[in-house]
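Hello,

Here is the structure we talked about. Please open it beside this message and follow along as you read.

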Amino acid sequence: MKIIVTGAAGFIGSQLCSKLLVMGHQVLGIDNLCRGRLDYLLSCRANEGFQFVEVDLADPNQLHLALQAAQSIGQIDQLWHLAANSDIPAGVTSVKVDLRDTFLSTISSLELCEQLGCRKFLFASSSAIYGDLGTDPMMEHAGPLLPISNYGAMKLASEAAISAACEKYLDHAYFFRFPNVVGVPATHGVLLDFVRKLKQTPGILSVLGDGTQCKPYLHVCDLIDAMLFISATANDRRNIFNIGPDDEGVSVQSIAEMVVAEASPGSKIKYGSDNKGWIGDVPKFQYDISKLRRLGWVRRLSSHAALTRALREIIIQEASVL
Ligand SMILES: NC(=O)c1ccc[n+]([C@@H]2O[C@H](COP(=O)([O-])OP(=O)(O)OC[C@H]3O[C@@H](n4cnc5c(N)ncnc54)[C@H](O)[C@@H]3O)[C@@H](O)[C@H]2O)c1
């Protein structure tokens, strides 16, 4: 197949491109490199089935560049839309960040599909669309959905726009609602944050929040496996799936202790006083993945195992950064 991946130079996008190429597909990667890096695509770029075009999807004046690149490949079968702002606190500081990179990038990606006659759209959504449900489980058909971050709000608005496009030019849309995803090349997230803090200030690890926050974590290998499984197995017009590890998650305190033990044994951990790390942080959630389990997907790594593996990968990644 011929496939477009937006956000291709990012953490998950670059891993997805590699996997799609290994499966024998032709891939056009799109990214504006605001957070992603061409280095992450080195192995993809060595594959003749891969092309890359640098385009800011939030800028309608640049869309023709993506269109031209796609038209040179031929009929596009699928568009995977992963480009977004991935820094939730940045979106709290300025509402424009998520408006541009999370929502307008979705509108542009939909426009690409319409103009290219591509009828299958796969979207990287998030548990952030549910807001803070306390101890109530986050289920695909929960509602009303009241996100507590601009990031979550613009992901939810994106889902709405994709749903509307299903009435006009999309045959199938996939809404993959991710939990926290870990692995390399890490561009953000708790593990990278802790490892970098310990590198900058050896001996002390300052934690945002009181450490009681507890969330599920999925390794990027499992995430990609789940998305490919869903896209091959579920065939409704609108396919909404929570993707997660199906466990209680891991507390921030445990993660801090794990990072100190691996990266800088003996360092002191300094906690904040609030149970949230930042405005828009959902401190604890129950992620219901029974729908995905019923479809037949089984994860390989628990939250704890995913964090352990990703931590080792990130320590190696950071050791090579000067
Ligand atoms: N990593 C997670 O834990 C997680 C959790 C839930 C959802 N997601 C979603 O998964 C997707 C991928 O996340 P990631 O962790 O790989 O983040 P990432 O920041 O590494 O990747 C996002 C990519 O999008 C690109 N991008 C941003 N704005 C763009 C624009 N206007 N035009 C073109 N490219 C643009 C960035 O340069 C970056 O390469 C995102 O949509 C994110 O919201 C990630």
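**What was found**

Start with Asp246, which sits in the loop between β12 (238-242) and β13 (250-251). Keep in mind that this is a predicted model. Asp246 is not a glycine, yet its phi is positive, at about 65°. Asp246 is partly exposed, with a relative accessible area of 37%. Leu33 is another residue other than glycine with a positive phi, here near 60°. Leu33 belongs to the loop between β2 and α2, and it is partly exposed, with a relative accessible area of 23%. These residues are listed because most residues other than glycine have a negative phi, and most peptide bonds are trans.

The bond from Gly143 to Pro144 is cis, with omega near 0°. Pro144 is found in the loop between β6 (137-138) and α6 (150-165). Val184 and Pro185 are also joined by a cis peptide bond, with omega about 0°. Pro185 is in the loop between β8 (180-182) and α7.

Next come the salt bridges. Side chains of opposite charge can pair when their charged atoms come close. The structure holds 16 salt bridges, and a few are described here.

- Arg35 pairs with Asp87, and their closest N and O atoms are 3.6 Å apart. This pair links distant parts of the chain: Arg35 is in the loop between β2 (26-31) and α2 (42-45), Asp87 is in the loop between β4 (78-81) and α4 (88-93), and the two are 52 residues apart. Arg35 is partly exposed, with a relative accessible area of 34%. Asp87 is partly exposed as well, at 25%.
- Lys215 forms a salt bridge with Asp281, with 2.5 Å between the closest N and O atoms. Are Lys215 and Asp281 buried or exposed? Both are buried.
- Arg309 forms a salt bridge with Glu313, and the closest N and O atoms are 3.2 Å apart. Arg309 and Glu313 are separated by about one helical turn, because they are four residues apart in helix α11. Arg309 is partly exposed, with a relative accessible area of 37%.

Last, a feature of the surface. Leu99, Leu104 and Ile107 form a nonpolar patch there, and together they have about 200 Å² of accessible area. Leu99 is in helix α5 (residues 95-116). With a relative accessible area of 38%, Leu99 is partly exposed.

Regards

Key. Residues are numbered from 1 along each chain as its sequence is written. This is a predicted model: local features need pLDDT of at least 70, side-chain atom pairs count only at pLDDT 80 or more; totals for chains, interfaces and linings use all residues. Side-chain values use heavy atoms; hydrogens and water are left out. Patches are made of residues with over 30% relative accessible area and no salt bridge: like charges are joined within 9 Å, nonpolar side chains (Val, Leu, Ile, Met, Phe, Trp, Tyr) within 5 Å. Accessible areas come from the Shrake-Rupley method with a 1.4 Å probe; for residues, only the protein chains shown count as cover. A salt bridge is a side-chain nitrogen of Lys or Arg within 4 Å of a carboxyl oxygen of Asp or Glu. Buried means under 20% relative accessible area, exposed over 50%, partly exposed in between (1.4 Å probe, protein chains only).
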